[in-house]
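Hi,

Here is the structure I promised to pass on.

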Amino acid sequence: MVTATFRFYEELNDFLPRERRRREFDCPCARAATTKHMIEALGVPHTEVELVLVDGESVGFDHLIANGERVAVYPKFEALDITSLLRVREHPLRHVRFVADAHLGGLAHLLRMAGFDTLYDNNFDDREIAAISARDERIVLTRDRDLLKRRNITHGCYVRALKPRQQLHEIFGRLDLAGSIRPFSLCLDCNAPLHALAADVARSRAPPSVRARFTRYATCDICQRVFWEGSHWRRMRDLLDEVVGTATATPASE
Ligand SMILES: [Zn+2]
């Protein structure tokens, strides 16, 4: 056995028992235990971790813990640029895509509305979600920390908020999504790309009350539904403006 000293920072403390939060504590580690193994054994999903320092040096998840080492574990940083320090993952994901667990259907719809490719199905089990994530390089969204501990998940996000709108705020803030939105480019039901539909074609497929009032239409190749910029659309536009505004707001200088 070896013993190392651990200290977790910021919101990673939420995963720890009270007596271990925001302080150093010693913990016996199995011989040949890695940083990843110990961090998860202590209750923190590795996907929540952005940076691990051992005796002040940035290390990867495969670092073997030696006796007497001091391990400092940090979450995603929102404001501070630490890109040059990052060693835990080989590369960031180039395209932001998601797979949401069965409890996050509302969030999945809102992400699609903002134009983020998000797979969601009530029937996905944990094994399927992990497999999809690995196959497509999708970020797993879940409130189940055990799911995030699966070995083949490299990119995941533990969602803290309970309501879809707040979850959208949270994900936008943590992953800095505001600059990447493409509103109303995906079908909310199918997650498939929407295409503009010529007004004369759309009008033959839309109800009479709609035909007279709207000139811009889009359609989904999979479900064939026709969309127009009605009140539902405007309410969603307002929500997106609010989320993007909050995510990019800078503190007042007074
Ligand atoms: Zn569709």
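**Strands and how they pair**

Strand S3 (residues 49-54) pairs with strand S5 (residues 70-75) in the antiparallel sense, over five bridges. Keep in mind that this is a predicted model. If you want a spot to start from, go to Leu 53, which stands opposite Ala 72 in S5.

S3 has another partner too: three bridges join S3 to strand S4 (residues 57-59), and these two also run antiparallel. Here Val 52 has Val 59 in S4 as its bridge partner. S3 and S4 form a hairpin with two residues between the strands, and in this hairpin Asp 55 takes a positive phi near 50°.

Now for the other group of strands. There is an open sheet of four strands, in the order S7-S6-S8-S9, and the pairing is parallel. Which strands are at the edges? They are strand S7 (118-119) and strand S9 (156-158), each of which pairs on one side only.

Within that sheet, strand S6 (residues 98-100) and strand S8 (residues 139-142) run parallel and are joined by three bridges. Phe 98 has Ile 139 in S8 as its bridge partner. Helix H3 (residues 126-136) packs on the sheet, where H3 touches S6, S7 and S8. The direction of H3 makes about 175° with that of S6.

As background, strands of a sheet pair through backbone hydrogen bonds, either parallel or antiparallel. You can find both kinds here: S3 and S5 are antiparallel, whereas S6 and S8 are parallel.

Cheers

Note on methods: Residues numbered from 1 in each chain as written. Predicted model: local features only at pLDDT ≥ 70, side-chain atom pairs only at ≥ 80, totals over all residues. Pairing = 2+ DSSP bridges. Contact = placed C-beta atoms within 7 Å. Axes fitted to C-alpha atoms, helices over the stretch in contact; angles between N-to-C directions.
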